[in-house]
Amino acid sequence: MSILSKLFKKKNKSKQNDNYRQQQDPDAPKNLPILRDYHENISRLKEELGNSTDVAFREFNLKQYKGVAVYIDGLANSNMISDFFMDALLKNQEELQSDSFQNLVDKVTSLGNLRIINNWGQVYESLLSGNTLFFVEGHTKAINVETKGWDKRAISEPTTQLSIRGPKDSFIESIRTNTALIRRRIKSPNLWLETMKIGTVTQTDVAIMYVKGIVNDKVVTEVKERLNQINIDSVLESGYIEQLIEDQTWTSFPTIFHTERPDVVSSQLLEGRVAIFVDGTPFVITAPAVFIQFFQAPDDYYSRFDISTGIRLLRILSFFIALIAPALYISITTFHQEMVPTTMAIAIAAQRENVPFPAFVEALIMEVTFEILREAGLRLPRAVGQAVSIVGALVIGQAAVQAGFVSPVMVIVVSITAIANFSTPSFAMAISARLLRFIIMALATFLGFYGIMLGVMFMTIHLCSLRSFGIPYMSPIAPFNINQQQDVLIRFPIWAFKNRPPLISKGNIKRTGKGQKPGPPSQSDRKQDSDQGDQS
Amino acid sequence: MEKAKIKSTQLFVLIVLFEMGSALVVGIGTDAKQDAWITVLLGLAGGICLFLIYAKLFLYYPDVPLTSYIQKITGKFIGRILGFLYVIYFMYLSARVLRDFGELLTTTIYSSTPLLIINALMVLTIVYAVYKGFEVIARVGELYFALVYCIALLGFMLIMFSGLVHMENLRPILENGWMPILKITLGQTLNFPFGEMNVFTMLLPYLNEPKKVKRVCIGGMILSGLNITIATVINIASLGVPLFERSPFPLLSTVSKISLANFIERLDVFFMLYLMVGGFFKITLFFYAAVIGTSDLFGLKDYKKICFPMGLIILFASLSIASNYAEHIKEGIIIVPIFLHWPFQIIVPVGLLIIAFFRNRKKQLIN
Amino acid sequence: MKMFLALFLLLFSILPVLSGCWNQKELTDLAFVMALGVDKGKNHRFDVAFQIVNPGNVSAGQGQGGGGLPIAVYKSSGDTLTEAARNAALKVSRRLYYAHCNLLVIGEKLAKEGILDIFDALERDPGFRTTTEIVIARDSTAEELVTTLTILDKLPVSKVTKELQTSEDMLGETLKVNIDDFITSLVSKGKQPLITGYSVIGDKKIADNSQNLQITTTKAFLSANGIGLFRKGKLIGWINGYKARGAVWVLNKVSGTDVNIDWNGKKNAINVTPLRSRTKVSAKIKNGKPMINVVIKEESIISEINTNADISNPNEIAKIEKKVGKVIKSQVIEVIKEAQNKKCDIFGFGEKVHLANPKLWKRIQNNWDEQFSETKVFVTVKPYQRRSGVRRNPFWNELKQ
């Protein structure tokens with residue numbers, strides 16, 4: 001696919017030259033001063049913000065200070081402004097003696113996080129992120145008070161990544177809350193956080209989090225570099241970032257992991273990955289990602305190892321079912337009728353006797369119908385969704401079979417495919433199986449099993465050629481590393497998680513101490529115990 | 001040369017897949033009847049000796065492939081010609097295996113599908129893999145090694161449980177004495193598959209620990225040789241000598257005899273799975289050697305540019321090297337060993353080793 | 001680069017157009033041949049009957065099934081099997097599909113004249129399974145056999161193949177022989193092939209009619225009937241009943257059968273059922289002449305005692321064992337004699353000689369049939385009586401008192 005991307009790159013070169021930022025606001029008001037006359041400041045603000053009605057101006061007139069407080073209604077916490085600042089200002093009028101600006105700052109304000117800004121460029125930056133600005137008559141400075149306080153959703157249960165056992169909190173749209181959720185889990189000074197703003201228009205807060213000492217520093221620099229290279233007007237969701245920094249565009253497989261669960265992010269940070277938080281979305285992305293990671297559900301680590309191993313193998317199996325089940329059906333019914341036992345072949349033949357379509361068309365119709373239903377089910381309001389699923393079940397399951405358009409086997413195949421597809425814990429991986437399924441179906445139609453094998457081979461070659469931030473995507477299976485198999489196909493008991501994955505983390509490799517394997521107390525201990533028991 | 005490094009385990013896996021690739025499929029040493037497995041073992045022993053020559057040459061020039069050091073040993077002019085001949089040899093072999101592969105599919109399941117299409121799609125996959133580089137090929141090898149082994153074990157167990165194996169079919173051992181066996185070994189099993197290890201003279205420089213080369217490669221050869229022996233024994237034991245001789249693809253015949261509980265039967269698909277994987281690696285490695293050799297001889301910086309054209313050449317060569325399967329097999333049994341395998345696998349390397357030995361001794365003396 | 005890429009993409013995109021005429025075959029375009037009946041033809045060399053399954057009437061799932069007949073039989077003829085199969089296309093709307101063919105029936109007439117001509121086609125075709133079983137239509141034509149409807153199994157084929165299996169397991173008078181086995185023993189100089197015979201018993205006229213399925217005592221049914229001996233691909237005779245059983249003993253294929261012995265002067269008073277048995281055949285060369293040793297080890301349980309007997313006494317058990325051994329031995333010797341009379345080494349004794357002494361074998365292999373008829377065969381039976389069901393002594397003992 002990289003060949004294709006090369007072709008496209010050449011075409012795109014000319015387009016990339018125009019700098020979006022320059023067009024957007026040709027003379028950025030970076031170094032303009034703040035005016036002495038606060039009225040003029042007000043009119044200037046009004047003009048430049050287009051008289052937006054949510055910009056609140058509150059003028060005040062104290063002894064020697066006249067001025068205005070500006071904030072954006074809804075972004076700033078107005079209670080905070082009135083309770084702490086305006087009240088304090090009015091109560092402490094007496095103390096305002098000298099007319100120095102610093103005095104005002106020192107004496108009056110009971111709010112923390114105060115900052116003086118000197119030029120007009122910073123005005124919007126702070127205003128638009130919910131701060132309150134005080135312009136005082138006669139000064140070319142303004143006071144910037146942190147009053148961020150917009151309404152945010154409460155922390156609730158995760159809606160897309162459910163688990164039976166495990167913490168029930170999930171990220172929300174506020175970046176600060178999200179980082180705090182991680183801080184609460186990893187109480188280490190080595191948990192480092194760096195913030196930057198991305199998006200020339202949206203100025204979205206983006207934070208990189210990692211555990212210093214565990215993370216591979218090269219990856220951190222690489223992540224930062226890629227983030228710095230981003231030049232885009234808007235970042236509305238972490239998906240924007242994901243698509244801008246991933247290694248390969250021409251792939252249907254996710255090379256960056258995303259989650260809305262803080263426990264998942266914490267565990268990934270502890271494995272040496274880098275987490276990227278984006279303001280305004282509950283989805284946090286982590287990198288580098290490897291293939292097998294998308295089959296690891298959080299429950300795997302909370303339940304015992306034998307159970308989680310079995311379930312993980314089941315998930316991988318169902319990924320393959322979701323990928324090739326319809327293709328297998330097509331190739332069995334059109335190429336390899338000898339493969340199935342005689343009675344089964346006759347049963348399938350009997351069912352297909354009255355179906356007017358060739359197997360591929362039949363499969364395609366059913367698969368597409370199902371995909372439509374699923375997509376519609378996602379978009380529909382919850383109340384209607386129920387109705388649609390009933391209609392869908394009736395249309396697909398009952399009516400189509402009775403009308404003789406499709407065979408009952410096909411219904412079985414479609415439903416098993418769909419159910420298998422849902423069992424992949426990561427939506428990003430599941431959806432790539434959904435897409436590839438159609439390609440493999442087409443190949444199976446032309447060449448039967450050979451086509452399926454070709455498709456799967458192409459897929460494996462592609463998977464093996466992928467990298468995520470320098471880490472081979474299929475590691476630790478290919479390249480195989482015997483010491484990293486504790487969390488691949490088989491999840492070892494937690495005490496056997498001796499090391500962190502060395503390809504990802506650097507330095508602090510050790511995970512568990514020696515002799516962590518639990519067991520009954522040793523023979524001598526037990527003797528003592530029983531002796532004591534007898535005595536008492 | 002591409003900038004790539006592979007681990008010794010990856011090389012091991014590639015060797016096993018490569019050696020077993022088509023040898024399991026077409027069945028080797030069938031002329032030796034019930035003693036075919038002995039010829040396999042003898043071929044293995046001879047192959048290891050041959051490989052020691054290649055390894056020695058490699059250790060003299062651990063950083064460059066055959067096409068480069070052949071120039072250093074014999075001089076620019078002759079070296080280039082020989083190197084070019086080697087490239088053609090590798091291309092011919094990859095086309096040959098491709099033809100084998102396509103023939104099998106067209107004789108068994110895809111009887112009315114054109115050979116062109118079947119081969120073209122395979123070539124497309126192979127070109128894609130080669131385009132992605134040697135490291136990727138090695139990684140794919142690791143993935144499929146596990147798969148192949150699982151299938152092989154499963155198949156082995158199924159054959160055992162189906163009660164197909166009748167060990168008395170292997171007797172009498174050495175019915176006709178050693179002579180015919182030695183003949184078949186020298187004419188067939190030594191060259192194919194074990195002598196074909198000479199393709200690795202092009203690939204060994206990628207190994208990240210050149211010191212381990214002998215251990216890894218000979219280990220891989222022994223493992224694959226044993227596997228082929230076991231497969232041959234099972235084929236003879238379950239088919240019986242007459243059928244074993246008459247089957248163009250003995251393993252396919254064996255697999256199709258599996259029948260367990262009247263439900264697990266007709267498992268030809270498993271065989272096809274194996275065939276795809278084995279064929280893929282064999283063709284890919286030959287093809288990759290040819291591509292790398294070409295870019296090395298002509299001093300191309302990026303071998304990727306010639307992947308597609310060379311893929312096309314191999315595709316059309318695979319179609320035109322023989323007009324029917326009988327001719328193809330005849331060429332494979334009579335012409336190829338004498339005129340291609342022996343010179344390229346044995347005579348030239350021995351010559352090279354002798355010259356290289358004296359050259360390097362001279363160097364050491366001067367130093 | 002771009003050009004090559006474009007070329008490949010083009011190739012790929014026209015695949016669907018091209019592939020229309022390749023190996024794709026929809027299930028609904030296939031006629032599953034379940035059994036193939038080959039007879040000596042009138043005008044051509046072969047008359048071939050194709051038993052084709054009618055899927056809708058076999059599979060119960062759809063609800064509409066059950067009405068019609070499960071099978072349809074088409075006939076055609078030709079000088080070769082392939083020709084006959086192609087001629088059948090004139091009559092069958094669908095493509096004949098052989099991969100699920102489980103049974104090959106050969107008419108007795110044809111079998112007597114030689115059946116070598118039909119096997120290469122079957123072996124060579126990749127679609128045809130060489131594990132397909134063969135039976136001979138004894139006293140009838142193959143066509144009659146494949147047209148007969150059966151009552152318990154909807155598919156007559158599965159009746160035959162299942163019966164072959166069960167009767168080999170339970171009775172030991174039939175042999176499952178598939179195409180591979182047949183050809184292997186055909187080409188072997190030290191072994192001659194055997195094929196089980198099948199007959200249509202009863203009213204042959206009604207056999208292919210659905211009336212046959214409406215009565216509980218079917219008027220015509222299929223039944224295994226002896227084992228046919230072949231030499232050079234020609235049927236030369238039959239062995240029946242106990243002799244067939246003897247042959248199965250020697251071939252080490254017995255897994256279950258029954259043996260009646262006399263006791264207390266009452267004929268066939270005790271019946272034992274062998275559970276496991278193992279036959280070892282070995283050859284020895286004495287004075288340049290081969291000798292064959294057959295050793296049968298057999299474990300059995302007592303299944304019936306119709307006289308008084310004290311089976312709690314180990315000595316009595318030993319006596320029973322002895323008698324059982326005698327009976328088996330007599331069955332075996334009888335069949336070996338029969339085979340020697342017919343100069344037909346159905347047991348593979350020649351192969352054993354080959355293993356024992358390859359050099360000698362090279363000299364005598366072309367003359368083995370003659371040699372075989374004179375070869376001495378020693379039979380040893382080692383029976384072991386293991387259990388005797390859920391009763392100790394039979395009620396006969398108390399009756400006598």
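The following exercises, with worked solutions, concern the predicted model shown above.

Residues are numbered from 1 along each chain as its sequence is written, and chains are lettered from A in the order in which they are written. Local features need pLDDT of at least 70, side-chain atom pairs count only at pLDDT 80 or more, and totals for chains, interfaces and linings use all residues, while side-chain values use heavy atoms without hydrogens or water.

**Exercise 1. Characterise the interface of chain B and chain A.**

Step 1. Contact means heavy atoms within 4.5 Å. On this criterion, 33 residues of chain B are in contact with 34 residues of chain A.

Step 2. The size of an interface is often given as the accessible area lost when the parts come together. Here buried area is taken with a 1.4 Å probe and summed over both parts. Chain B and chain A bury about 3100 Å² between them, with 72% of it on carbon and sulfur atoms.

Step 3. A salt bridge requires a side-chain nitrogen of Lys or Arg within 4 Å of a carboxyl oxygen of Asp or Glu. The rule finds one salt bridge across this interface. Glu135(B) forms a salt bridge with Arg467(A), and their closest N and O atoms are 3.5 Å apart.

Step 4. Helices are DSSP runs (H or I, at least four residues) numbered from the N terminus. Two or more residues on the side of chain B that touches chain A come from each of α4 (76-108), α5 (115-132), α6 (134-161) and α11 of chain B. The largest share, nine residues, belongs to α5(B).

**Exercise 2. Identify the largest nonpolar core.**

Step 1. A nonpolar core joins buried Ala, Val, Leu, Ile, Met, Phe, Trp, Tyr and Cys residues through side-chain atoms within 4.5 Å. The largest has 224 residues, of which Phe253(A), Tyr450(A), Phe134(B) and Phe200(B) touch the most other members.

Step 2. Helix α11 (residues 268-297) of chain B gives this core its largest share, 20 residues.

Terms used
Buried means under 20% relative accessible area, exposed over 50%, partly exposed in between (1.4 Å probe, protein chains only). Buried area is the accessible area (1.4 Å probe) that two parts lose on being put together, summed over both.
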